[in-house]
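I opened this model to look up a handful of local features. My notes follow the order in which I checked them.

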Amino acid sequence: HFDVLIVGAGSAGSVVASRLSEDSACQVGLIEAGVMPSDPDIADPLKWTMLQGRAYDWAYRTVPQPFTANRVHEWPRGKIVGGSSCLHAMAYVRGHPDDFQPWAVAGGERWSFSGLLPGFVRSEAFTAFDAPSRGRNGPLDVYLPEAEVSPVVRAYIAAGQAMGIPVLTDHNSGELAGTSPNSLNIRAGKRLSVADAYLPPEVMVRPNLALLTAHEVEHLVLEGQRATGVAVVCDGESMTISADRIVLCAGAVSSPLILMRSGIGDPDTLKRAGIRCRADRRDVGRNLQDHLLALGNVYSTKKPLPPSRLQHSESLMYLHGSDPTRSTGNPDIVLACVVAPSAAVGLNAPPYGSAFTILCGVTQPTSRGRIAPSGPGRNDAPIIDPHYLETEHDRAVFRIALKTARAIGHHRALDEWRDVEILPGSRVQSDDELDAFIASAASTHHHPAGTCRMGGDADAVVDPDLRLNGFDNVFIVDASVMPTIPSGPINAAVVAIAETWASAPPKAR
Ligand code: FAD
């Protein structure tokens, strides 16, 4: 029996377990379906794209997406201590302060950017320079590279600068609009997962912290308005683990699935999956949001391209499509320069070392999807339907993003490197042709969020304390509670949510 049982040792769960176990009087259990990382490739920043599909990837797939040429999209998610932060691309971007305004409206000032700022600062070890909004002594290293940045990325930044796009020191110290080398969760040249940062050996030896790996949670064990524990499977054996408080940190795919397998969700959805409904909560699994990137606007090079010394995708550029020179406000498009050919499945990419790519996407998509169980058990694959590019807004902004990527790719500042545009290729010019390319090339940026949204309204899945509505002692703390997706990659915001919640964890009622 635990005082607090945390489900999922991913980004959020690692933070929550580390912070709550600082109180030696609190018995903390941390349950993880995966095991400790042992694959040396995880630590190598250059190998991040090769980890997908390995034993520690949940390897989800979406249903065919009508607005992306009916393609099924692969959704890697970490099934390992460290969760998706063991698979991610390590880019650290807090987002724009305006991203968190809808959160403040939904849940109060604690969830505004200034409310989350102490959590961002507390989490961070950033030593490149001093800034009042930055943390120096937190567990999570944020590394700002200089000498390692690829020459082609330098030329891309110069192209942006020549077009009047602001050049920033980094994306986390002031404005988001502009370009800079990416800040990365890298320590001494190696990936730093959130578990590496928050659950080092000196934390794991705490007598009041127990990590149970290879334990997969099936569902909550409910009694009236409370959960008395969770039903888990380990080595084929079923058991129940009990606790006073349960904190779901299973991520944007799994947290809503665990609720729905427990009978908490939309009655029709549950009925179709053969699950008895215990609590009618229609918004569980809805409000799914994700970023897409078009892979990609690919250029062959005139001379061999030296390999990346970082993690291939070295510089994000955030822009206002209507005015790329604007330096303030929340940008609506994102570009990324990759020191490699990066083409979607089915599109022909040239060999490594002979091409670079500019990826492009939309920072604040308005399409909303959903996740539902296909059956009552943990082995029934989820139905993931992100409704990619369903809104005209998303398609129109994407088109502008691709046009902007091409303007930069063809700029004279890249003359030394660029030979010819391979994808989409010079024949693709009209809006219809651009739209068709985007539909065939858009791929997940790996940021699913929002499926257990926080809010003050009765339909919200969790309340502003992140307590599951209608239940006294169940909380959800992970990417699923975001009411809206932030503009940048979302791991920094997940960590800030977890830090903020754990700094004043609500009691069971
Ligand atoms: P996760 O980190 O996914 O943690 C959930 C944990 O719960 C996992 O360990 C999982 O195994 C466990 N779990 C799930 N179900 C159960 C169950 N039933 N029982 C027990 N345990 C369970 N973000 C960035 O900011 N920058 C990037 O560069 C970036 N790149 C990415 C690239 C890839 C390929 C991927 C996959 C993600 C990327 N992300 C990036 C996104 C980022 O990693 C995630 O948003 C973040 O890790 C989500 O944190 P979380 O705690 O919500 O979920």
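**Entry 1: the ligand site**

I noted at the start that this is a predicted model. I then turned to the ligand. Which residues are closest to the ligand? I found Glu32, Ser84, Ala91, Ser254 and Asn491, out of 39 residues that surround it.

An oxygen atom of the ligand is 2.7 Å from an N or O atom in the side chain of Ser84. A nitrogen atom of the ligand is 2.6 Å from an N or O atom in the side chain of Ser254.

Next I asked where the shell comes from. Helix 1 (11-20), strand 11 (216-223), helix 7 (251-261) and helix 11 (491-503) each supply at least two residues. Helix 7 gives the largest share, 4 residues.

**Entry 2: Gly29**

I moved to Gly29, which sits in strand 2 (residues 28-31). Buried or exposed? Gly29 counts as buried because its relative accessibility is 0%. Setting aside residues up to four places away in sequence, I found Gly29 touching Phe2, Val4, Leu5, Ile6 and Ala210.

**Entry 3: Arg281**

I looked for a charge without a partner. Arg281 lies in the loop between strand 15 (279-280) and strand 16 (292-301). Arg281 is buried and has no salt bridge. How far away is the nearest side chain of opposite charge? That is Asp459, at 5.5 Å. A salt bridge requires the nitrogen and the carboxyl oxygen to be within 4 Å. Beyond its neighbours within four places in sequence, Arg281 is in contact with Ile264, Gly265, Asp266, Ala458, Asp459, Ala460 and Asn469.

**Entry 4: backbone checks**

I recorded two cis peptide bonds. One joins Leu295 and Gly296, with omega about -25°. Gly296 belongs to strand 16. Another joins Leu423 and Pro424, with omega about -5°. Pro424 is in the loop between strand 22 and helix 10.

I also recorded two positive phi values. His312, not a glycine, has phi near 75°. His312 is in the loop between strand 16 and strand 17 (313-319), and at 12% relative accessibility it counts as buried. Leu389 has a phi of about 55°. Leu389 is in the loop between strand 21 (383-385) and helix 9. Leu389 is buried, at a relative accessible area of 5%.

**Entry 5: helix 10**

Which residues of helix 10 (residues 431-441) are buried? I listed Leu434, Phe437, Ile438, Ala439 and Ala441. Their cover includes strand 16, helix 9 (392-409), strand 22 (418-423) and strand 23 (442-444).

**Entry 6: salt bridges**

How many salt bridges does the structure hold? I got 28. I followed up three of them.

Arg61 and Glu74 meet at 3.4 Å, N to O. This pair links strand 3 (residues 60-61) to strand 4 (residues 74-75), 13 residues apart. Arg61 is partly exposed at 48%, and Glu74 is partly exposed at 47%.

Arg94 pairs with Glu124, with the closest N and O atoms 3.0 Å apart. Arg94 lies in the loop between strand 4 and helix 2 (101-107) and Glu124 in strand 5 (residues 124-125), so the bridge ties together parts 30 residues apart in sequence. I checked both for burial. Arg94 is buried at 2% relative accessible area, and Glu124 is buried at 0% relative accessibility.

Arg395 pairs with Glu392 at 3.2 Å between the closest N and O atoms. Both lie in helix 9, 3 residues apart, about one turn of the helix. Arg395 is partly exposed at 24% relative accessibility, and Glu392 is partly exposed at 46%. Last, I noted one network of salt bridges with shared partners: Asp39, Asp41, Asp44, Lys47 and Arg54.

Conventions: Residues are numbered from 1 along each chain as its sequence is written. This is a predicted model: local features need pLDDT of at least 70, side-chain atom pairs count only at pLDDT 80 or more; totals for chains, interfaces and linings use all residues. Side-chain values use heavy atoms; hydrogens and water are left out. Buried means under 20% relative accessible area, exposed over 50%, partly exposed in between (1.4 Å probe, protein chains only). Lys and Arg count as positive and Asp and Glu as negative; His and the chain ends are not counted. Contact means heavy atoms within 4.5 Å. A residue is near a molecule or strand if one of its heavy atoms lies within 4 Å of it. A polar contact is a pair of N or O atoms within 3.5 Å; within protein, one must be able to donate a hydrogen and the other to accept it, and residues adjacent in sequence count only if both atoms are side-chain atoms.
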